[in-house]
Amino acid sequence: MVVVDVLSFTTSVSVAVGAGTAVFPYRWRDESAREFADRHDAALAVGRRQVGAAQPWSLSPAAIRRGPFTERLVLPSPNGSAIAAGVSGATVVAACLRNYRAVAEWLISRNWGTPTRPIAIIAAGEHWPGSEVARPAVEDWLGAGALAAALLDRGATDPSPEALSAATTFTSSTDVPALIATCASGRELAAIGFADDVALATELDADPIVAVLVDGAFTARQPS
């Protein structure tokens, strides 16, 4: 199963694991997250506005890039992280626009992408601000489409109509970074001072690594 949460969980995972950090997904950003981090001898990412000298990491990929190196990091979020943390019985990969080609190569090299070894691509979606209501997110649809298109280019077979539709959306979009910068999620982040997160998230194919969930943490794997 491949989780796609472009703004910002899987982008943050890709940036972190590319720097050598093991990332533990967690469902909730509350006191239980601190206890979970303590049990795993890991640093804890906080809310974007809570970042400071003592806690320099957050769901912001730009904050993770700027912050000091930490070997282990708990990264809570209600969307991509909650999805990844809730999976059992399947290999889980974190994909985004930064690493979609590497993810496609890694999956195809392991003979996934056929009717007998199918791939589920999960576009995480977003919460409306101030509510628990989820909405579709165009950035995650484009991220899922980027991966689907790359898989088909590398020989994946029998795509679902949804995968074909997402792939077509991505390949027919002439300026994906501009689309994401002006979509609802992109505008929301820019409005609260995090336009640099959107810029990082839309650097296409920038990370040559694959983030795979092993023993509760995402760590880096090479594409082949």
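User: How many helices and strands are there in the protein chain?

Analyst: In this predicted model, the protein chain has 10 helices and 10 strands.

User: How does the radius of gyration compare with what the globule rule gives?

Analyst: The radius of gyration is 16 Å, close to the 17 Å that the globule rule gives for 224 residues, so the protein chain is as compact as a globular protein of that length.

User: And what does the C-alpha trace span along its principal axes?

Analyst: The C-alpha trace spans about 50 × 35 × 30 Å.

User: Turning to helix 5 and helix 6, at what angle do they pack?

Analyst: Helix 5, residues 100-109, packs against helix 6, residues 138-153, at an angle of about 45°, and their axes are 9 Å apart.

User: Why are both of those values quoted?

Analyst: Two packed helices are described by the angle between their axes together with the distance between the axes.

User: Is that arrangement of helix 5 and helix 6 oblique or roughly parallel?

Analyst: Angles under 35 degrees count as roughly parallel, and helix 5 and helix 6 are therefore oblique to each other.

User: Is the crossing right-handed or left-handed?

Analyst: Helix 5 passes helix 6 in a right-handed crossing.

User: Which residues meet there?

Analyst: From helix 5, Tyr100, Val103, Ala104, Leu107 and Ile108 meet Ala146, Leu147, Ala150 and Leu151 of helix 6. By class, this contact has nine nonpolar residues, with no polar and no charged ones.

User: Now the strands. How many bridges join strand 9 to strand 10?

Analyst: Five bridges join strand 9, residues 210-214, to strand 10, residues 217-221, and the two run antiparallel. Within this pairing, Ala211 has Ala220 as its bridge partner, and Leu213 stands opposite Phe218.

User: What lies between the two strands?

Analyst: Strand 9 and strand 10 form a hairpin with two residues between them. Asp215, in the turn, has a positive phi of about 55°.

User: In what sense does strand 5 pair with strand 9?

Analyst: Strand 5, residues 93-95, pairs with strand 9 in the antiparallel sense over two bridges.

User: Which residue of strand 9 does Val93 stand opposite?

Analyst: Val93 stands opposite Val212.

Conventions. Residues numbered from 1 in each chain as written. Predicted model: local features only at pLDDT ≥ 70, side-chain atom pairs only at ≥ 80, totals over all residues. Heavy atoms only, no water. Pairing = 2+ DSSP bridges. Helix = DSSP H or I, 4+ residues; strand = E, 2+ residues; numbered from the N terminus. Axes fitted to C-alpha atoms, helices over the stretch in contact; angles between N-to-C directions. Parallel < 35°, antiparallel > 145°, perpendicular 65-115°, else oblique. Left-handed = near helix turned anticlockwise from the far one by under 90°. Contact = heavy atoms within 4.5 Å. Nonpolar A, V, L, I, M, F, W, Y, C, P; charged D, E, K, R; others polar. Rg over C-alpha atoms; globule rule 2.2 N^0.38 Å.
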